[in-house]
Amino acid sequence: MLQLQVQSHNKYKLYHNCSALSALMLPQSLSPFRPLSSSSSSFSQPIVPEQQQQQKPQLRSSQLVSLEYADLNLSYDLNLGHGRIRQHVNPFSPSFSTPAQVPDWNQVFADPALPLMVDIGCGSGRFLMWLAKRTPKVRNYLGLEIRQKMVKRAEVWLKDLALDNIHFLFANAPISFKQLVESYPGPLQLVSILCPDPHFKKKHHKRRVLQKPLVGAIVDNLSPGGQVFIQSDVLEVALDMKNQLDEVNALSHIDALNPDILCDSEGWLLSNPMGIRTEREIHAEFEGAKIYRRLYEKKQM
C-alpha cells in the first residue's frame, strides 16, 4: 500500500507548496515560495518612490504558468505555422478516426520495461515533462493529445530537454488507448485525465473523453495497485467521471484505502497529489475556481 501525504492548497497564493501523495506519484516536491503581496494607493495622492518600491504588480495567470514551469527552461519562440491552436475539437470528426500507430517502444524509451504513466489529453505536455525530468529511470511517460500542433510543440521541447523517458502522440484516446497500452512491454501504473474538455451541451456529452469503453480499457490494463487520477474545474464533468469510476468494482477511492488522506465532505481530494499543477489548473485557480480531484487505485488480485 502506498503511503500518501496531502497538504492543503491555498488557491489564492501566487506560488504554492505541494507535495506528492505517494512514492508512486512523485518522490520530490516543489520548494515552497512566498506569495507576492500588493499594496493599494489612493488616486488623490501621488506615489512616492518608497511606495513604488513596496508595490508589487499582480501577475497574469499565463505568467504564473511560466513561473511554475520555469525550471524546464523551455523556449517559447516556436514556429508552428499559420493558424491558432484550437481549444476544442470534435473527436468524432473523420480526421480523428484513425488509430495512432503503435510506436517501437525500444526506440521511444531508453527502458521500455519501466512502469508507464499515460496522461490523456496532455495539452502542451509541460506537466508530463516536469514529472519526467524529476523521475528518470523510475517511470516512463506517455502523453496523448488530440490537437496535433500541441504535440508538435511538445516534440520540439523534448529535443531541448533530451529526456529518454517521455513520448507524445497525436491520438484520439478513446480510439487509440487500448492498443497502445496493450502493446507496451511494462506495467501500466498510472492514468491521468486532468481538466478534459467539458463539452457543456447535453447533445455533446458523448464527445467527453471518459466513456465506458475507455474506462474498461483503463481498468483492464492497469496493473494491481495502479492508479487513476482525475480532476476538473467543472463540477458536472468531475461528477460524470467520478460516477463512472465509482461503478467499477476493481477500483477503490484512495480515502477508502488510507483514512489519513484528506478529502472534503463530498470525497474530493483537498490537494493536488502530483507535485505540480497543470496549466488549466493554474488558470482556473487564478480565477478563483475550485478543482475537483479524485484518485482511484486498482485492487490487488
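1. Overall burial. Of the 301 residues of the protein chain, 50% count as buried. Here buried means under 20% relative accessible area, exposed means over 50%, and partly exposed lies in between (1.4 Å probe, protein chains only). The chain exposes about 15700 Å², and carbon and sulfur atoms supply 50% of that area. Accessible areas come from the Shrake-Rupley method with a 1.4 Å probe; for residues, only the protein chains shown count as cover.

2. Basis of the model. This is a predicted model: local features need pLDDT of at least 70, side-chain atom pairs count only at pLDDT 80 or more, and totals for chains, interfaces and linings use all residues. Residues are numbered from 1 along each chain as its sequence is written, and side-chain values use heavy atoms, with hydrogens and water left out.

3. Elements and contacts. The protein chain has 10 helices and 7 strands. Helices (H or I, at least four residues) and strands (E, at least two) are DSSP runs, numbered from the N terminus. Among contacts with a separation of 6 or more, 77% come from residues 24 or more positions apart. Contact means heavy atoms within 4.5 Å.

4. The sheet. In what order do the strands of the open sheet lie? The order is S3-S2-S1-S4-S5-S7-S6, with 7 strands and mixed pairing. The edge strands are S3 and S6 (251-253), each pairing on one side only. The twist averages 20° from one strand to the next. Two strands pair if DSSP finds at least two bridges between them. Strands of a sheet pair through backbone hydrogen bonds, either parallel or antiparallel.

5. S2 and S3 run parallel and are joined by 5 bridges. Leucine 142 stands opposite histidine 167 in S3. Helix H5 lies across S2 and S3 and runs at about 155° to S3. Axes are lines fitted to C-alpha atoms, for helices over the stretch in contact, and angles run from 0 to 180 degrees between N-to-C directions.

6. Two loop residues with positive phi. Lysine 137 is not a glycine, yet has a positive phi of about 60°. Lysine 137 is found in the loop between helix H4 (126-134) and strand S2 (140-145). Its relative accessibility is 72%, so lysine 137 counts as exposed. Alanine 162 is likewise not a glycine and has a positive phi of about 55°. Alanine 162 is in the loop between helix H5 (148-161) and strand S3 (166-170). Alanine 162 counts as exposed because its relative accessible area is 63%.

7. A buried lysine. Is lysine 242 buried or exposed? Lysine 242 is buried because its relative accessible area is 17%. Lysine 242 sits in helix H8 (residues 235-246). Its side chain makes a polar contact with the side chain of aspartate 246, at 2.7 Å. A polar contact is a pair of N or O atoms within 3.5 Å; within protein, one must be able to donate a hydrogen and the other to accept it, and residues adjacent in sequence count only if both atoms are side-chain atoms. Not counting residues up to four places away in sequence, lysine 242 touches Ile230, Trp268, Arg294 and Tyr296.

8. Salt bridges around arginine 277. The structure holds 14 salt bridges. A salt bridge is a side-chain nitrogen of Lys or Arg within 4 Å of a carboxyl oxygen of Asp or Glu. Glutamate 68 forms one with arginine 277, the closest N and O atoms being 2.7 Å apart. This pair links distant parts of the chain, 209 residues apart: glutamate 68 is in helix H2 (residues 61-68), and arginine 277 is in the loop between helix H9 (254-257) and helix H10 (279-286). Arginine 277 also forms a salt bridge with glutamate 285, where the closest N and O atoms are 2.9 Å apart. Both arginine 277 and glutamate 285 are buried. Salt bridges that share partners join Glu68, Arg277, Glu281, Glu285 and Arg293 into one network.

9. Helix H10. Which residues of H10 are buried? They are Glu279, Glu281, Ile282, Ala284 and Glu285. These buried residues pack against H2, H4, strand S5 (222-232) and strand S7 (292-298). Just after H10, glycine 288 takes a positive phi of about 90°.
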